[in-house]
Amino acid sequence: MTLLALIMASIALTLVGLIYVQAVNARPLYTYKIELTLDVVIEVINSSEFKEALVNSVIVAILQTFVGVLIGLIPMFIAPIIWGFAWNYSYGPSGFIPLFREFNPLIVGIICGLIHVPHAYALIASGLLSMDYTLEEVARIHGAGPLRTIARVTIPMLRPSIVLAATLLLILGFEQFGVPLVLLSPWGYNVLTTYLYGIPGTYLMNPYPRMAVVAGTLITITISLVILQRYLILRETRRFVTIGERYRGYFKMSMPTLIKAMFTAITLLYVVGVVIIPLASLILRSIQPLYGAGIREFTVNYYLTIIESESYRITLINTFVVALLAATLGSLIYFSYAWTIVKGSRRIISVYVDLLSSMPRALPGLVAGLAFLWFYLLTPLRSLMYTHLGLALAYAIVWSALGVRLVTGSLLQISQELENVARIHGASLTRTIIHIYIPLLKKSILISWLYLFILGIREYSIPVYIATKNTQVIGSTIVLLIGSGELGVIAALSTITVVASLILTAIIFKLGWKPY
Amino acid sequence: MGSYILQVENLSKSFGKVKAVINATFNVNRGEIFSIVGPSGSGKTTLLRCIGGIETPDEGVIVFNDRVIFDSKRGINVPPEARGMSYVPQTWALWPHMKVRDNIAFGLKMRGFPREEIDVRVREISKALKIEELLDRYPWQLSGGQQQRVAVARALALKPQLILFDEPLSNLDAALREEARVWLKNLLKELNITALYVTHDIHEALFLSDRIAFMYDGRIRVIETPENIYMRRDIPELARLFGYNIIKARVIDHERGLVMVNEEEYITCDNPHKVKGDALVIFAPSEVKVGYSGIKAKVLRRSFMGGYFEYSLKLGDNIIRVISEAYLKEGSDVFISTNRCTIAPIT
């Protein structure tokens, strides 16, 4: 267990290292020649495109955070790139409801915020659910009205969750690739991720050092944010230690009707405006022969194209195979991580694994894909690169921050004494895992597996650089198709992913999945 | 040697800078109920877990059933499953995914007993503990008292040489706890089981044990029979567990045990020669006489306990607890004396 965790965590460390090394190396890494130079770093940093992309990244990330944290609700299982199309088809200049005449970083930041509301909602709701309701009851009995209770008791108690949500969205904001690629690039704007993606097209000769500088900037920002997040959370949780057993009753706060109606209206507006209209537009687009409002003709040609073309068929199959492999591989890796973190006897190893497993959190999918490309090219694992397994391994390592938290949470819920009694009563560690842990974790293993599977289906940024002709998946195909004008096919492929994701989401909610 | 089932020598265990157990040394006889008593944080549970093999001691030797199961110098550390003990934790830790029957049978399965024998043993033990009708239920369908019985049944089914108990009764309510105490003692004695029993409740330990080790700040301070430990009033930390009064005083004549407890007021203690100068004086609330002679004290509060009263008295700067059948008015001055008080050094 520990060994597996150590190896996997070390791969993550290598990936980050590769980016930085390439950034200061004038030659491509795969030539195995090192020529240290800061020229590219200085050149890129001084270039106006880079500066502009950096500023735009900051705008998108900050707006996503604010807008996302401010409102709340609905599925987070649809890839941002698909949201990009959905918003373009619904509110774009030639969408069904042409709300925007053009897209710019301000608008896109707000859109990103709106589609990330569920992340914030899920985190804050879990804080709300684990809160001791007697705290609010006492406030009410001691004379505070409902709004005062929310302002003075509930929200301050939720501060750790709010801080967590805000920092998470800030990190996700810098990693944002799909939405800006679809909505900003056509209008001549770049954020760091799309700028990185565009470099090979602009600089045909040895684009790698340049790409590494941009990727390095991105991960420097995200790593700093991850460290900031850890620090803030540590500080917050220290201040909010709950003493004794939590009372888990439900206290329904009576609220004035007007406020209730207001909350309901906001929720409704959000669901209709942010989720239903864009998704409906996307689906409509996939069955319309021409792009634009008011057309009454329908067609299934795009779906037929997908089914009839062998390369699309393979793409669909690949998507499922890679998601399946990644979910399985991921479950195994995260269990070993979680086991080492929670049960490890050597504290130093636990801390190392804990830190490194959370590091991919700072690796935007696109950058991770790039790092994996170099990793595969430079190591004996080269042959893996052309296989589904190689792609799945990349997914599994990049998701580890999330996956480990998923497994650690359920592992922590099992009292240590259940294991102790089994051990003293004659069961070895292996048999304790088989007879006690696995039966008890059955459901949460299934839930996390399905969750990872959904992530696998919607993944689009990791495979951009490492998917080869035979391992292309839906996500990377959509990215490749963007310049081709095959808008109908993109919409149809997106719809397929959305439907698959929603079905699987319904299943895991049914199984009792709780976000965060 | 053979009469000891368990020998612990110089066992120490630290967590970082905190020394949880320091040089613990004791032996447990076959068939004995041996209790380890101490306030929370005294290291008693850590000691128990070291013996069970869940925690690895830093130093020391543990011999169980004439076999060395732990020796830090020789690098011996037998894993918990191979030690041949059984365990009843504070939370009982019944495996929630197994029926009562499977909970009880688990250890037997792990030790490779044939199926028929497992069935016989489960039936035997559940009959003896009157839990036959619970066998096909899951733990969450049981009351607290039933869960506690199942946890004990699970430990007994293995017919172990030693059962480790970690405050097994503390999750029961007061009335049930009294009942379970009697039940558990009868059961262990009838089956002639050796038990190592950790508790913070000195009265529970007095009732159940053949011998008691008192632990404080990681050290075993004294090992005595219940009768003798009750007499040990020279250890303030132990006296506190018994609920005795502990007041500061000054030894005037250590030859005769004469102590000044208040300005110009003296009592005589029964262990002279012990301490000089500033000291602690320890006496039981029930051994204080209230009358017309002795030291002056003020009645602060009277509580009716049914058959007797419990008083808070102010004695100089100290507040003491006194149990008496006499009715005293709150606010009045009274005179108290005691014929059993002990001097202890200030720690």
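Reader: In S4(B), what is the bridge partner of Ser12(B)?
Author: Glu59(B) is the bridge partner. Strands here are DSSP runs of E, at least two residues, and helices are runs of H or I, at least four, numbered from the N terminus. This is a predicted model: local features need pLDDT of at least 70, side-chain atom pairs count only at pLDDT 80 or more, and totals for chains, interfaces and linings use all residues. Residues are numbered from 1 along each chain as its sequence is written, with chains lettered from A and ligands numbered from 1 in the order in which they are written.

Reader: How many bridges for S1 and S4 of chain B?
Author: Five, in the antiparallel sense, between S1 (residues 4-15) and S4 (residues 59-64). Two strands pair if DSSP finds at least two bridges between them.

Reader: What's the strand order in that sheet of chain B?
Author: S2-S1-S4-S5-S6, an open antiparallel sheet. S2 (18-29) and S6 (76-77) of chain B are the edge strands, each pairing on one side only.

Reader: New topic. Asp210(B): where is it?
Author: In the loop between helix H6 (202-208) and strand S10 (211-216) of chain B.

Reader: Why does Asp210(B) count as partly exposed?
Author: Because 16 other C-beta atoms lie within 10 Å of Asp210(B). Buried takes 20 or more, exposed 12 or fewer, partly exposed is in between; C-beta atoms are placed from the backbone.

Reader: What is Asp210(B) in contact with, leaving aside neighbours within four places in sequence?
Author: Glu32(B), Ile33(B) and Phe34(B). Contact means C-beta atoms within 7 Å.

Terms used:
Contact = placed C-beta atoms within 7 Å.
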